[in-house]
Amino acid sequence: MRLIAVNDISVRHGDFSALENVTFAIEKGEIVTVVGPNGSGKSTLIRTILGILTPNTGKIETKPDLTIGYVPQKLAQETGLPLTVRGFLSLPNRVSNQKAKAALLETGAVGLEQRQISQLSGGQMQRVLLARAILNEPDILILDEPTQGLDQHGAADFYALIERVRDQYGCAVLLVSHDLHVVMSASDRVICLNGHICCQGTPTVVRDAPEYQALFGQGTHGTLALYQHEHDHSHDDCDHDHHHHD
Amino acid sequence: MTTVTTIVTMTITTMIDDFLLRAGLAVVALALATGPLGCFVLWRRMAYFGDATAHAAILGVAISFGFNLSIELGVLAVALAMALSVSALSNRGHSMDGALGALSHSALALGLVGISFIQGVRIDVEAYLFGDILAISQSDLWTIWAGALIVVALIFWRWQKLLTSTLNQEIARASGINPAREQLILTIALAIVVAVAIKILGALLISAMLLIPTATARVFSNTPERMVLLSVLLSMAAGIGGLWLSFTADTPAGPSIVVAAAALFLLSTLFGRNAR
């Protein structure tokens, strides 16, 4: 089942063309990663899919009653809005303590309920943002640069977490990243974006595509490292960063 | 002779009681509205927004006198027009700061010039710049309470949505909330507060009551709900304290209320630091 169909959209900011003739679709349960350098139109793409921006041409069709779980890059933290993790989970829809706890347990952030949002570390914040996003059992999770500010281990753990959430809830995942070195190997499709779609396909296809080499060749020496999730190890390993001594 | 004295004394006593009671009831109503609204003004960094809208109130006063409208109505209309313009401009980004400043101060100046042209009536401009709470009438009081309760109801009704779109526009959008609509709600609420507060605090002091008690409440709050509640209570305390100061020391009421709010803020920063 098709959740979101992006049909030949172009978005301009004044004279600047942010996106040109972008077409792709996301199917149920699919993991799609969009990679592109800064300024390649990734944020514009997300904001257009969310309906904040209207495409100048083309259109975006969504499944009726599509529920989106959105994980922003960060929250505006310096606003002086006092908010606990528990309070955050109840936005915009109030949820029971039991549901809140279950979601935090799922993302490995249990015990942070009474912590102020502004005092979370980068890794904790991502897990809390993800917990809120899965509370309404979305059809699709949209994540904007979720691993920015995480170290390599943190990023690898977070990718594993996303994969686990996808397997459990059967939701599709649209993940945007400027991290050209590491892309989730679990991605069903990688879309390489630079104002337009340069190339797309499975991670290995994109890695070997000449367009990818041409666009990102310099910085990454032409290699796309795929984050390999080891399926044969114990999943307890995923908990190793949960013990915060503070 | 004694009867006359007694009657005069009684009348004066009733008058004092009445105007003080009315003033007290007015600041309590205002606190109910400025508390929650001030929190959103602080969280959304809209301080300039409050200023511009309040300054426009003077233009509203001039128009009300010029066209023989009720002050509240004229101020509400102009404040709403200003708040909507500011809201539209600020969405275009930081490059609009200059335009916002120009708009805000020209509305104030234009209002003052406009008032000077009005023939026939002698208008006490100071009353509209700094408020004249002790002159509030019974019907003013009804208007103030009605306006304040509308603002409280608006914010209570939209609370979850307002909070979500304040925190993150994208999350709001993804949850089916239109952040522009929530901003419009706050814009209307601000215009209403300015319209009812003009007689109490005047155009120049309204934003002080939106900001100072809220900043004080921030120090002691770990949830938005608590911050709103504290902000209301601190505004009430500042209002009553300011009135008391004004009555006992014969100081102007509006500025005295702001001084009381500032004193509470000062105390809280000292106390807040010690508490940490």
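Predicted model: local features only at pLDDT ≥ 70, side-chain atom pairs only at ≥ 80, totals over all residues.

Q: Where is B:Asp250 in chain B?

A: B:Asp250 sits in the loop that runs between helix 10 (224–249) and helix 11 (253–275) of chain B.

Q: OK, over to chain A. What's the phi of A:Asp8, and where does A:Asp8 lie?

A: A:Asp8 isn't a glycine, yet it has a positive phi of about 50 degrees. A:Asp8 belongs to strand 1 (residues 2–13) of chain A.

Q: And is A:Asp8 buried or exposed?

A: A:Asp8 counts as exposed because it has 12 C-beta neighbours inside 10 Å, and the cut-off for exposed is 12 or fewer.

Q: Which strands does strand 1 of chain A pair with?

A: One partner is strand 2 (residues 16–27) of chain A, paired in the antiparallel sense over eight bridges. In that pairing, A:Arg2 has A:Glu27 as its bridge partner. Strand 4 (residues 57–62) of chain A also runs antiparallel to strand 1, with five bridges joining them. There, A:Asn7 stands opposite A:Lys59.

Q: How many residues are between the strands in the hairpin of strand 1 and strand 2 of chain A?

A: Two residues. In this hairpin A:Gly14 takes a positive phi, near 65 degrees.

Q: New topic: which peptide bond is cis?

A: The bond joining A:Leu91 and A:Pro92 is cis, with omega about -5 degrees. A:Pro92 is found in the loop between helix 2 (85–89) and helix 3 (97–107) of chain A.

Q: Zooming out, how is chain A divided?

A: Into domain 1 (2–67 + 139–231) and domain 2 (77–136). Their contact takes 10 residues from domain 1 of chain A and nine residues from domain 2 of chain A.

Q: Which element gives the most to the domain 1 side?

A: Helix 5 (residues 152–169) of chain A, which gives five residues to the side of domain 1 that touches domain 2.

Q: What classes of residue are on that side of domain 1?

A: Seven nonpolar, three polar and no charged residues make up the side of domain 1 of chain A that touches domain 2.

Methods
Residues numbered from 1 in each chain as written. Chains lettered and ligands numbered in written order. Domains from an automatic or database assignment. Contact = placed C-beta atoms within 7 Å. Helix = DSSP H or I, 4+ residues; strand = E, 2+ residues; numbered from the N terminus. Nonpolar A, V, L, I, M, F, W, Y, C, P; charged D, E, K, R; others polar. Buried ≥ 20, exposed ≤ 12 C-beta atoms within 10 Å, placed from the backbone. Pairing = 2+ DSSP bridges.
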